Amino acid sequence: MLRLHDTAIGQVRELSLREPGKVSLYVCGPTVYDVPHIGHGRSYLLYDVLVRFLEWTGLQVDHVRNITDIEDKIINRANETGRDPADIVAEFEKSFYDAMDLLGVKRPTHDPHATDYVDHMLDLIGRLAERDLAYETSDGVYLDTGAVEGYGLLAQQSLDDLQAGERVEVNEEKRSPLDFVLWKKAKPGEPSWASPWGDGRPGWHTECVVMSLDLLGDGFDLHAGGLDLKFPHHENERAQAVGLGYTFARHWMHHAFVDVGGVKMSKSLHNFTSVVDLLERHDARAYRLLVLRSHYRSPMEVTPDTIGDAEKGLDRIDEFARRFPRDGAAPDADAVDRFRAAMEDDLNTPAAVALLFDLVRKANSDRDSAAVAAAYVVLDALGLDVRQGDDEVDEATAALVSARDEARRTRDFAAADRIRDELQALGWVVKDTAEGTQVHR
Ligand SMILES: [Zn+2]
């Protein structure tokens, strides 16, 4: 069974399932107010790999990834641009899915939209208020974090330490700077819903707790997201659930950021790169390979060098696939076991990738059909497609290939280069190998 680092205990432990054979997973989805950046790419590729691996082991995965379609960032963007918030949401939800499709990220089982759950959110806030865990101020309804047992579990800090770390609160009506908004009273012109506390909208932390409990039920197996969500977002989701007597998520998984040349990626540092920008210049499969080459709890370097290396790795895989098409041979069982063991060891994808390249090497050197079949098992489980191309070589091309080999044999490199250019102009990728010129699409 998969062993994963659990943020709640700060250790790797077995992912124990609520129901045998089934995994319930909640991944915090995007707030749709801008195009997805490469950090989103890493995040959702990682969970795509996790889901594919769990399914590969025979488990059924109930994967929920929400769309946050009401939030301050969306309203700010609408105000800045003079557009309707609903237009912003429609545009960027589409660009999110377009980018995910390009990356080969499978759709989740459910993608709930926060605005479809406002009634449920009001119900939850009402129940918190009934238990005296929530209080009203002039601008909203807040959770009283001091009244919730075990607040600070995910931050791995005590309430006192957390409070000491907070900046002086500007909102004097709040009982503690850690208290967070459950319901925001609307300012004029903002999208709003009626509530017992006046027109307003839900706070972000209330959105995810309601959607996860509604779709997955209490005690679901795994709640996941970026390290930046650990505190306060996930802490605050958990506080609301625990305050109402729920167990909530049984296991918490958090992944590290993307670094662009050693700096954490952020818009303010001007190193913001969108997924679409990246994929205009690079193969989407290379980005998946790059994600796989980094352990999920380590920062991932995205630089021209790392992505270039990943592309070279991909070339080797494609070359392997052209040379050794799937042939139905039995995979090397030991290699498949090693793959599973690496993945089950806190999703050690770098080890899984190293094993894949070992298999490719073995196939190339020994023409070992069990290694070939095992490499395909690993490629499929990781969601890495191979490109075998339409390599049907017509007579004219074959003639050019043999003319080039002849030119090389007689050391007429100018002619060899000229023929290579001619082949490339016809759309062929030309490779020099020990056996002579090879071409593929
Ligand atoms: Zn969330």
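The largest nonpolar core of this predicted model has 109 residues, and those with the most contacts inside it are Ile 125, Leu 182, Ala 352, Leu 359, Ala 375 and Val 378. A nonpolar core here is a set of buried Ala, Val, Leu, Ile, Met, Phe, Trp, Tyr and Cys residues joined through C-beta atoms within 7 Å. Helix 1 gives the most to this core, with 10 residues. The core draws at least three residues from each of domain 1 (3-258) and domain 2 (282-382).

**Conventions**

- Residues are numbered from 1 along each chain as its sequence is written.
- The model is predicted: local features need pLDDT of at least 70, side-chain atom pairs count only at pLDDT 80 or more, and totals for chains, interfaces and linings use all residues.
- A residue is called buried if 20 or more other C-beta atoms lie within 10 Å of its own, exposed if 12 or fewer, and partly exposed in between, with C-beta atoms placed from the backbone.
- Two residues are in contact if their C-beta atoms, placed from the backbone, lie within 7 Å.
- Helices (H or I, at least four residues) and strands (E, at least two) are DSSP runs, numbered from the N terminus.

**The chain as a whole**

- The chain has 15 helices and 15 strands.
- Its C-alpha trace spans about 90 × 50 × 35 Å along the principal axes.
- Of the 441 residues in the chain, 40% are buried.
- Among contacts with a separation of 6 or more, 72% are between residues 24 or more positions apart.
- The domain assignment, which is automatic or from a database, gives domain 1 (3-258), domain 2 (282-382) and domain 3 (395-440).
- The centres of domain 2 and domain 3, taken over C-alpha atoms, are 30 Å apart.

- Apart from neighbours within four places in sequence, Ile 125 is in contact with Ala 134, Val 141, Leu 182, Trp 183 and Thr 206.

**Helix 12**

- Helix 12 (residues 349-366) has 18 residues and should span 26 Å at 1.5 Å a residue; its end C-alpha atoms are 25 Å apart, which agrees. The expected span is 1.5 Å times one less than the number of residues.
- The buried residues of helix 12 are Thr 349, Ala 352, Val 353, Leu 355, Leu 356, Leu 359, Val 360 and Ala 363. They lie on the same side of helix 12 because they cover an arc of only 160° around the axis, the arc being that of the directions from the helix axis to the C-beta atoms.
- An α-helix has 3.6 residues a turn, so residues three or four places apart point the same way.
- Cover for the buried residues of helix 12 includes helix 1 (38-56), helix 9 (284-293), helix 10 (304-323), helix 11 (333-344) and helix 13 (369-382).
- Ser 365 and Asp 366 are exposed on the other side of helix 12.
- Asp 366 has 11 other C-beta atoms within 10 Å, and is therefore exposed.
- The C-alpha atoms of Asp 366 and Leu 227 are separated by 44 Å, and the two residues are 139 residues apart along the chain.
- Arg 367, which follows helix 12, has a positive phi near 50°.

**Helix 11**

- Helix 11 has 12 residues and reaches 16 Å from its first C-alpha to its last, close to the 16 Å expected at 1.5 Å a residue.
- Ala 335, Phe 339 and Met 343 are buried in helix 11. Their arc around the axis is only 75°, which puts them on the same side of helix 11.
- These buried residues pack against helix 1, helix 12 and helix 13.
- The face turned away from the buried side of helix 11 carries the exposed residues Ala 333, Asp 334 and Asp 337.
- Asp 346 follows helix 11 and has a positive phi near 55°.

**Backbone exceptions**

- Most residues other than glycine have a negative phi, and most peptide bonds are trans.
- Asp 132 has a positive phi of about 60° and is found in the loop between helix 4 (118-130) and strand 5 (134-136). With 10 other C-beta atoms within 10 Å, Asp 132 is exposed.
- Phe 248 has a positive phi near 70° and is found in the loop between helix 7 and strand 10 (252-255). With 21 other C-beta atoms within 10 Å, Phe 248 is buried.
- Phe 231 and Pro 232 are joined by a cis peptide bond with omega about 0°; Pro 232 is in helix 7 (residues 227-243).
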